[in-house]
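I set down each item as I looked it up.

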Amino acid sequence: MKRLADVAQEQKGLQWLLLGAFGIGLLFDLMFYGKGLGISYLLFVIGLYGLFIWQARQRIHLRFSRKQVFDWIWTLPILLLAFTFFLFSNPHFHLFNLLLIPLLFVIQTILITKRHQAKWYEAGFFMEMMETLLLYTPKYTRLPFRLTKERIKDRLDQEKYGVMKKVFIGIGISVPLLVIVLSLLSNADSVFGHFLGQIPRRVIDVDSLEAIFRMMLIGLITILVFSYMYSLFGKREEAAELPVPEDDKKIVWDGVILVTILAIINIVYTAFTYIQISYLFSGTKRILPDELTYAEYARNGFNELVTVTVINFLILLCTMHFASRAKPMLYRIIQVLLSMLTICTGFMLVSAYFRLSLYEDAYGYTHTRLLAHAFMIFLFVLFIIALLKIWRDGFSLIKYYAIVTLVSYVFLNYINMDVIIAKNNIQRYHSTGNIDIEYLSELSYDAIPVVMELIRDKKVEDKYMELLQERKEILYEDDSWQSFNLSEYRAKAYFP
């Protein structure tokens with residue numbers, strides 16, 4: 001009896017989950033079908049969280065505890081990134097966030113439901129995540145159909161259910177047969193073929209086809225959401241763990257060879273750093289090579305410096321991983337040399353940053369140049385973390401690199417790059433009289449209020465608005481509340 005009660009309870013729980021997934025399918029249709037992205041994305045994410053928390057409280061008796069603080073912290077970047085669809089209108093970030101937010105949601109839900117054995121920053125966790133998405137989720141897509149079948153079966157007596165089942169089997173067999181027969185008859189009699197061709201046009205209009213498509217889309221979202229949620233909360237078959245062969249011998253790099261290589265590299269980098277300080281950061285003017293100005297000297301070699309920095313980063317990671325620790329004194333020397341390498345690379349990054357700044361003063365500010373600035377700051381932070389790793393062997397590099405990467409990306413979303421680019425280019429215009437108004441017109445709607453308020457030049461304003469006419473028409477195409485975007489709303493105030 002107890003087992004029957006448990007089965008009935010499980011069936012009821014599955015039905016409620018299917019109903020919740022159907023609600024998410026309806027929410028998807030309401031928020032996104034035929035509409036642009038705006039506040040709708042944030043509302044949809046909140047709806048997904050609502051379904052997940054409801055099911056987690058029902059199935060795993062979810063309780064918010066201190067042990068799960070880190071698992072719930074993932075909610076912050078997810079909601080912040082979802083909020084960007086309401087605040088900003090940068091299409092590049094929107095596209096990337098559209099893909100990143102579901103990935104972060106999957107990581108968080110797997111952590112909360114404990115559907116993992118490896119730590120979240122290990123390669124094994126990625127494999128477990130792929131197992132959930134590509135093995136268990138498709139496996140459970142059949143469950144909604146089985147539940148629907150059982151529901152219909154319970155509501156009808158066995159005789160009626162048997163008749164209905166046979167009717168559907170008959171329809172399934174007759175459909176391909178009818179296709180063949182009607183095709184042959186249409187070819188045999190053109191008049192019959194003509195009337196047959198008119199039937200779909202008279203019976204099914206465009207609106208009916210759209211309604212069918214929307215119902216199919218709602219059904220697809222319902223099945224996917226249900227299957228994924230069940231893969232988190234449902235019972236899984238215990239897979240037999242295959243024995244992992246241990247490596248006979250770990251690859252180790254000889255300490256003497258590493259010391260020699262690092263010492264030679266550090267001598268070159270120290271000399272390079274001295275020259276950088278002398279010519280770029282010193283207040284005194286020094287003699288430059290013939291026919292080379294300070295501006296040209298600052299602009300040249302930026303790409304090469306960044307490339308060398310990336311190479312140094314790889315040298316640093318490989319040395320920390322493969323360096324022999326058999327001789328403590330020798331490894332200590334390696335640590336000192338790696339620290340020197342890190343410090344010299346930091347100076348290279350500062351030099352590259354300074355060069356790019358001078359280049360922007362001469363040629364203006366763009367997305368690529370601003371992203372290059374951000375990338376160099378990001379690399380600088382990674383090198384600081386690596387410096388800690390050099391002296392603390394138990395320090396998890398991948399864990400903190402992943403955290404810094406996510407925090408940096410969220411921060412990059414919220415600095416509003418287009419506003420920074422617009423402000424700096426206008427400031428440069430007031431100083432030099434040079435401005436690329438066509439490039440400014442290609443920026444997102446975030447930049448329009450900044451340009452219109454700061455430019456203070458009627459000719460430039462008129463040219464700018466003329467270039468924006470095509471985008472003005474696009475701006476007024478979608479007036480639905482689901483697509484509401486604060487950046488676009490502010491931009492509309494500047495169009496006559």
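How are H2 and H5 oriented to each other? I find them roughly parallel to each other (angles under 35 degrees count as roughly parallel, over 145 as roughly antiparallel, 65 to 115 as roughly perpendicular and the rest as oblique).

Before going on, I note that this is a predicted model, in which local features need pLDDT of at least 70 and side-chain atom pairs count only at pLDDT 80 or more, while totals for chains, interfaces and linings use all residues. Residues are numbered from 1 along each chain as its sequence is written, and side-chain values use heavy atoms, with hydrogens and water left out.

Entry: H2 and H5.
I looked up helix H2 (residues 39-59) and helix H5 (residues 91-112); their axes come within 12 Å and cross at roughly 15 degrees. Axes here are lines fitted to C-alpha atoms, for helices over the stretch in contact, and angles run from 0 to 180 degrees between N-to-C directions. Helices are DSSP runs (H or I, at least four residues), numbered from the N terminus. I record the crossing of H2 past H5 as right-handed, a term for a near helix turned clockwise from the far one by less than a right angle. From H2, Tyr-41, Val-45, Leu-48, Tyr-49 and Phe-52 take part; on the H5 side they meet residues including Leu-98, Ile-101, Pro-102 and Phe-105. Contact means heavy atoms within 4.5 Å. Ala, Val, Leu, Ile, Met, Phe, Trp, Tyr, Cys and Pro count as nonpolar, Asp, Glu, Lys and Arg as charged, and the others, Gly among them, as polar.

Entry: H5 and H6.
I then followed H5 to helix H6 (residues 123-139), where the axes lie 11 Å apart at an angle of about 100 degrees. H5 is therefore roughly perpendicular to H6. Leu-103, Val-106, Ile-107, Ile-110 and Leu-111 of H5 make this contact with Phe-125, Met-129, Thr-132 and Leu-133 of H6. I classed the residues of this contact as eight nonpolar, one polar and no charged.

Entry: Phe-395.
I located Phe-395 in the loop between helix H15 (367-391) and helix H16 (397-414). Is Phe-395 buried or exposed? Phe-395 is buried, at a relative accessible area of 13%; buried means under 20%, exposed over 50%, partly exposed in between (1.4 Å probe, protein chains only). Leaving aside neighbours within four places in sequence, I list Ile-385, Leu-388, Lys-389 and Tyr-400 as its contacts.

Entry: salt bridges.
I count three salt bridges in the structure, each a side-chain nitrogen of Lys or Arg within 4 Å of a carboxyl oxygen of Asp or Glu.
Asp-29 and Arg-214 pair at 2.8 Å, N to O. They link helix H1 (residues 2-32) with helix H10 (residues 206-233), 185 residues apart. Asp-29 is buried at 11% relative accessibility, whereas Arg-214 is partly exposed at 27%.
Lys-114 and Asp-71 pair at 3.6 Å, N to O. I place Lys-114 in the loop between H5 and H6, and Asp-71 in helix H3 (residues 69-73), 43 residues apart. Asp-71 is buried, with a relative accessible area of 8%.
Asp-479 and Lys-492 form a salt bridge with their closest N and O atoms 3.6 Å apart. Asp-479 is exposed at 62% relative accessibility, and Lys-492 is partly exposed at 23%.

Notes
Helix = DSSP H or I, 4+ residues; strand = E, 2+ residues; numbered from the N terminus.
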